[in-house]
Amino acid sequence: MRDASLVVVASRLPINDAAASEGVFEWRRSPGGLGEALHPVLVNTPATWIGWAEKTGPTAPLPDVDGVHLIPVELSEDDVHDHYEGFANSTLWPLYHDAVEPAVHHRRWWEAYQRVNQRYADQAARVAAHGAVVWVQDYHLQLVPAMLRAQRPDLRIGFFLHVPFPPPELFMQLPRRAELLHGMLGADLIGFQRIQAVHNFHQLAAKVLGANADEHGVTVDGHVTRTGAFPVSIDTAEMEALASLDEVVEKAAKLRADLGSPQRVILSVDRLDYTKGIEHRLKAYRELLADGRLKASETVLVQVAIPSRERVEQYRLLRDRVEREVGRINGDFGRLGVAPVHYLSQVFDRTELAALYRAADVMAVTPLRDGMNLVAKEYVAARVDGCGALLLSEFAGAAAELTQAYLVNPHDVEGLKDTLVEALEADASEPSPQMAAMRAHVREHDIQAWARSYLTALEAACAER
Ligand code: G6P
């Protein structure tokens with residue numbers, strides 16, 4: 001069964017679990033998800049995707065979805081708890097995001113991380129054709145490249161990290177830091193979102209493993225791993241086409257009317273995650289209402305907060321805090337029929353999302369740390385009218401590219417307030433040169449360009465080997 005020539009290995013399969021439980025298999029397209037990012041690259045290619053199907057225990061074979069062959073990895077309840085919720089999302093995730101919440105360490109989680117990574121590597125080794133490209137995704141699977149190379153040295157192995165790679169002083173806290181670096185170095189090419197991450201990785205490989213690191217990559221025990229920054233992107237043409245539909249334009253107008261036709265609409269779309277800066281943003285908004293610089297009758301904030309990792313305690317606590325604060329703001333500053341915050345803890349379909357983007361005068365994307373943030377790029381792509389303003393955190397990967405945005409430090413509440421007001425005061429109905437420049441950027445640097453540049457670099461790295 002070794003016949004797959006392009007194999008993607010990712011924590012989960014890109015299928016919609018709610019639909020799948022009713023026997024309908026469709027691609028999961030949710031903002032911030034990996035399936036959303038890779039859909040345009042893989043759809044209708046002869047690719048195979050190995051991942052968890054979100055059910056514990058034995059999993060039945062799955063049909064192909066959008067032309068992609070899906071191979072489920074079986075995880076037990078303990079695997080999910082200790083690997084996905086534990087080591088991946090309670091140890092690595094907070095540490096890789098500046099430790100905005102403290103990282104939790106348990107030795108049992110590390111054992112699960114190794115065990116589960118081995119299972120993904122074994123599946124890939126089983127199905128990949130001779131010399132196939134195996135593209136391993138993200139922080140859940142950092143040991144897979146080396147585990148795979150040990151079994152299948154013929155493969156061309158790529159690894160891409162979608163999240164930030166932290167500076168040495170944070171990464172050095174990990175008890176098993178050397179093993180994690182060795183795991184990644186099994187790849188021929190490691191891709192990061194930003195050049196700073198490449199530098200962090202090089203420093204760590206030299207310091208922890210005594211590796212030789214230069215501008216092209218890292219050499220350990222004679223094996224060369226190339227490294228580089230490949231900022232991930234979106235399917236710009238698809239979002240533009242969607243946002244241009246009459247149906248979407250009408251929906252956007254209806255949304256504004258439903259909101260009571262305020263003068264200004266601020267929109268935020270986030271996974272409900274403590275890295276997204278939702279609390280800082282709400283605080284700034286509350287203070288602006290309290291100071292009288294914004295009025296609830298004129299401005300509305302639509303906060304879409306997609307539930308995420310709900311069994312992890314830090315996420316449950318965050319949800320409680322956010323919902324309490326939304327209630328307080330509406331209680332203190334609303335009137336009958338007027339709510340300053342519209343809070344929607346739901347998943348939106350692509351058409352609704354495009355309509356929201358078109359309805360928003362200001363899109364506020366203010367994470368405390370973010371690998372990239374594709375919502376920012378989607379907003380820009382959706383503004384086919386060239387209007388609208390983007391408020392963007394300096395700590396999102398997207399800030400390195402969308403430099404014409406209203407850039408903010410989300411920790412600086414005064415600065416956040418001033419810049420939000422500035423963005424709101426810009427004439428949202430007039431096309432701006434800033435939006436035009438950002439739109440040109442996401443058109444040229446779309447997801448197809450990203451995949452092409454990564455896979456070409458992987459070919460080159462393997463050719464040298
Ligand atoms: C981040 C990660 C992705 C992940 C997504 C959603 O963007 O880099 O790997 O798919 O968050 O998180 P979840 O835990 O729901 O898969």
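## Ground rules

Residues are numbered from 1 along each chain as its sequence is written, and side-chain values use heavy atoms, with hydrogens and water left out. In this predicted model, local features need pLDDT of at least 70 and side-chain atom pairs count only at pLDDT 80 or more, while totals for chains, interfaces and linings use all residues.

Helices (H or I, at least four residues) and strands (E, at least two) are DSSP runs, numbered from the N terminus.

## The nine-strand sheet

Nine strands make an open sheet with mixed pairing. Their order is β3-β2-β1-β4-β5-β6-β9-β8-β7. Two strands pair if DSSP finds at least two bridges between them. β3 (69-75) and β7 (212-214) stand at the edges. Each has a single partner strand, so one side of each is left without a neighbour in the sheet. On average, neighbouring strands of this sheet are turned by 20° against each other, direction ignored. Axes here are lines fitted to C-alpha atoms, for helices over the stretch in contact, and angles run from 0 to 180 degrees between N-to-C directions.

Strand β2 (residues 47-56) and β3 run parallel, joined by six bridges. Trp-52 stands opposite Val-73 in β3. Helix α4 (residues 107-127) packs on the sheet and touches β1 (4-12), β2, β3 and β4 (128-137). Contact means heavy atoms within 4.5 Å. The direction of α4 makes about 150° with that of β3.

## The six-strand sheet

A second open sheet has six strands and parallel pairing. The order is β12-β11-β10-β13-β14-β15. Its edge strands are β12 (341-344) and β15 (406-408), and each pairs on one side only. Neighbouring strands of this sheet are turned by 20° on average, direction ignored.

Strands β10 (residues 264-271) and β11 (residues 299-306) pair in the parallel sense over eight bridges. Val-269 has Val-304 in β11 as its bridge partner. Helix α15 (residues 413-425) lies across β10, β11, β13 (362-365), β14 (389-393) and β15. Its run makes about 170° with β15.

## Helix α9 and its partners

Two packed helices are described by the angle between their axes and the distance between the axes. Take helix α9 (residues 236-244) and helix α10 (residues 246-258): their axes come within 5 Å and cross at roughly 65°. Leu-242, Ala-243 and Ser-244 in α9 meet Asp-246, Val-248 and Val-249 in α10. These residues divide into four nonpolar, one polar and one charged. For this count, Ala, Val, Leu, Ile, Met, Phe, Trp, Tyr, Cys and Pro are nonpolar, Asp, Glu, Lys and Arg are charged, and the others, Gly among them, are polar.

α9 also packs with helix α13 (residues 350-359), at about 75° and with the axes 9 Å apart. That makes α9 roughly perpendicular to α13 (angles under 35 degrees count as roughly parallel, over 145 as roughly antiparallel, 65 to 115 as roughly perpendicular and the rest as oblique). On the α9 side, the contact includes Glu-238 and Met-239; on the α13 side, it includes Arg-350 and Tyr-357. The residues of this contact are five nonpolar, two polar and three charged.

## Helix α13, enclosed

Nine of the 10 residues of α13 are buried, so the helix is largely enclosed by the rest of the structure. Buried means under 20% relative accessible area, exposed over 50%, partly exposed in between (1.4 Å probe, protein chains only). Among the buried ones are Leu-353, Leu-356 and Arg-358.

Asp-349 caps the N-terminal end of α13. A side-chain oxygen of Asp-349 lies 3.1 Å from the backbone nitrogen of Thr-351.

His-83 sits in helix α3 (residues 77-96). His-83 counts as buried, at 1% relative accessibility. A polar atom of its side chain lies 3.0 Å from the backbone oxygen of His-140. Beyond residues up to four places away in sequence, His-83 touches Tyr-113 and Asn-117, among others.

Glu-287 lies in helix α11 (residues 278-291) and is partly exposed, with a relative accessible area of 24%. Its side chain joins that of Lys-417 in a polar contact of 2.9 Å (a pair of N or O atoms within 3.5 Å; within protein, one must be able to donate a hydrogen and the other to accept it, and residues adjacent in sequence count only if both atoms are side-chain atoms). Ala-457, in helix α17 (residues 447-464), is partly exposed at 24% relative accessibility. Leaving out residues up to four places away in sequence, Ala-457 touches Leu-189 and Phe-230.
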